Amino acid sequence: MFFTTYLGRELRRRMHQAIFVALGLALGVGLVVTVAAASAGVTKAEAGVLAALYGVGTDVTVTGPALPARTPAAPGNGTSIQAGPAGYEICRDGRCESAAGHSVQLLDPQYSPAPSADVAAVARLREVSAAAGGLLLSDTAVTFPPSSGQAGGAAPPSAGFFSVDGADTGHLALGPFSAARIISGHSFTAADAGADVAVVDSGYAASHGLTAGSAITIGTVRFTIIGIVAQPQSGGSPPDVYIPLAAAQELQLADGSAGTGNVNMIYVTAASAAGIPTVSKELSKLLPHTTVTTAATLASQVTGSVAGAAELASDLGRWLAVLVLIAAVAVACLLTMAAVTRRAAEFGTLKALGWRTCRIIAQVLGESVATGIAGAAAGVGLGFAGAAIITTLAPTLSATVPGPSAAFAQAAGQVAPPAPGSTAPHLVAVPLHPSITAGVIVLAVILAVAGGLLAGAFGSWRIARLRPAGALSRVA
Amino acid sequence: MYQLTGVTKRYRKGHRTIPAVTAVDLTIGDGEWLAIQGRTGHGKTTLLNLLGGLDRPTEGTVELAGTDLGALPETQLTHLRAQSIGFIFQTFNLIPTLTAAENVEAALIPLGSGQPERRVRVAAALHAVGLADRAAHLPIELSGGQQQRVAIARALVKDPTVVLADEPAGNLDEDTRDDIIVLLERLWRERRLTLVLVTHDTAIARRAQRVAVMTDGHLTTGQDSPNP
């Protein structure tokens, strides 16, 4: 009671100084909180971009080499488009006919195939907690106008494109489907493992008038749409259509083959974040002709202002916050030491009354800690205000994400201009939402209180060195 | 009560050594009132600090009730001051942010007594100096004489055996000075304190049982001391 009374009265006596010190600490702490919130927001934005690319629960992806430009199928195999003297021809299993007035749907894998047994081998690796295969395909529909091949310059053919992800319905937490949110209909169930059902991305569904219950043709197979999903806003280029992996493996590809028993993507979850580099190395050893990609390597491919913002937050922002906090603590230390010097006679009197040095030090430390706590509270408030300002005023960030494989791009572009979104890496808007976590608030409080304690420690050092007689003589 | 033998205190100032007290031999009996007189800068306050354990002698011994103060560790010295020695300063030395009652209570904090007991003793101490109605006032709201009364209450609240007063009336006008000295004298008699009072005022010194004179750090006692 006497302790708090004395403490409160002293702080009130030196109100201006206490407010000045608290504000200094608040500014430093507020900057730390704001920078941490902005950094967390940028990390979340980046993670959202990456999650849409490879899924939320995926730590590592394995892909085969991108396919070379699709050469026309060997005679007698598959479907191809060939240019002849009389115009384009569509050849199916060796029989060719004029393409004029006809449409053809070509289904091609985006990456080289690998046997499903590789997925099981990956799952058995140490430090791997889960592995799932996927089959990424591209469906291109080319339509030739009736006047195609006629003299006088016929209209060019038009091409429509959509991407297809054959997802393992037993491991939906891995891969691009993991980030999807059902907004209509329902998701895959275990019973859908080999069924001709599809879940469609909301953007593709809206632009093509598709709903749950309608149908979509992939290759030559008709799939029933059971659900519509939305991917995170900050997503890269998620697939347009998801079908069960087994169904994807049964589809006939443009070259006449089927993907039976094959995958061309392996999604891997590591047992721990620290184990990701080890998993990455082991995968490279196990599957030497593949490309092993982690979130870190993928993040390095994501460019744009989101990457710049991440650098700004982690470098300049962090150092600025640290510098301001150091300056605030230094000022607090100097002011506390000056106050102790001014109060030397008071402390000398207390020593004469029989107060132990540690008791006097506790009083001064209490005053400093109280100032630190006030600074922490104000700093957290400033941090929230800073985060709100960033949310309101900061421009939407952008990220340039890698596009689909070049092989697919070439295949789609053989007879028509490249389908939208099928070639170059593309830009996505990434909204920035700074987030303040409980951990950041606790850190802020600890920093401010530690700053107050440090200032009090400097003052305490002076008190410990005070000789009572010398201190009392300052009054005389 | 006190036995000083060959007590010398020297201060270092840069390369110079300044003697403040030189070869003092002094005995102060229990319940005695000793006045130490002398001009400013002749070592009176230094001697008082040595008696109160606020400083340690360079040479010699200062014994209080048989205990060599110079040999005690700091914590024990602090404890001794808390229990047995009351101080009264020329400039009152009240803590400006605490009320009169809280200033008096500050002397009881080191003794570890509970708040109810402290409250009772503080009230009694302020009553003894005639300031029971000023308990809630801050020092800035009190006159000089009232502040010194609070300081006296603070010195006496712990029932010390020794009171050391350094120019207790030095900052007061003549009438107030007399009031304070009369109060001190009354309390000395009632409580059978050992009182050592430093003053440059001959009139005040004459009220004591014995007068010692400090001249250039040397102490002479009784009839042998020249008037300052």
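I started at Gly354(A), which has a positive phi of about 105° just after H9(A). Helices here are DSSP runs of H or I with at least four residues, strands are E runs of at least two, and both are numbered from the N terminus. I noted that this is a predicted model, where local features need pLDDT of at least 70, side-chain atom pairs count only at pLDDT 80 or more, and totals for chains, interfaces and linings use all residues. Residues are numbered from 1 along each chain as its sequence is written, while chains are lettered from A and ligands numbered from 1 in the order in which they are written.

Next I checked burial (20 or more other C-beta atoms within 10 Å of a residue's own, with C-beta atoms placed from the backbone). Seven of the nine residues of H9(A), residues 344-352, are buried, so this helix is largely enclosed by the rest of the structure. Among them are Phe347(A) and Leu350(A).

Then I turned to strand E10(A), residues 197-201: five of its five residues are buried, so the rest of the structure largely encloses it. I looked up its pairing (at least two DSSP bridges between two strands). E10(A) runs parallel to E12(A), residues 221-230, with five bridges, and Val197(A) sits opposite Thr224(A). Two bridges link E10(A) to E13(A), residues 241-244, in the antiparallel sense; there Val199(A) has Tyr242(A) as its bridge partner.

Last, I visited chain B, where six strands form an open sheet of mixed pairing in the order E6-E7-E8-E3-E9-E10. E6 and E10 of chain B are at the edges with a single partner strand each, so one side of each has no neighbour in the sheet.

Key: Buried ≥ 20, exposed ≤ 12 C-beta atoms within 10 Å, placed from the backbone.
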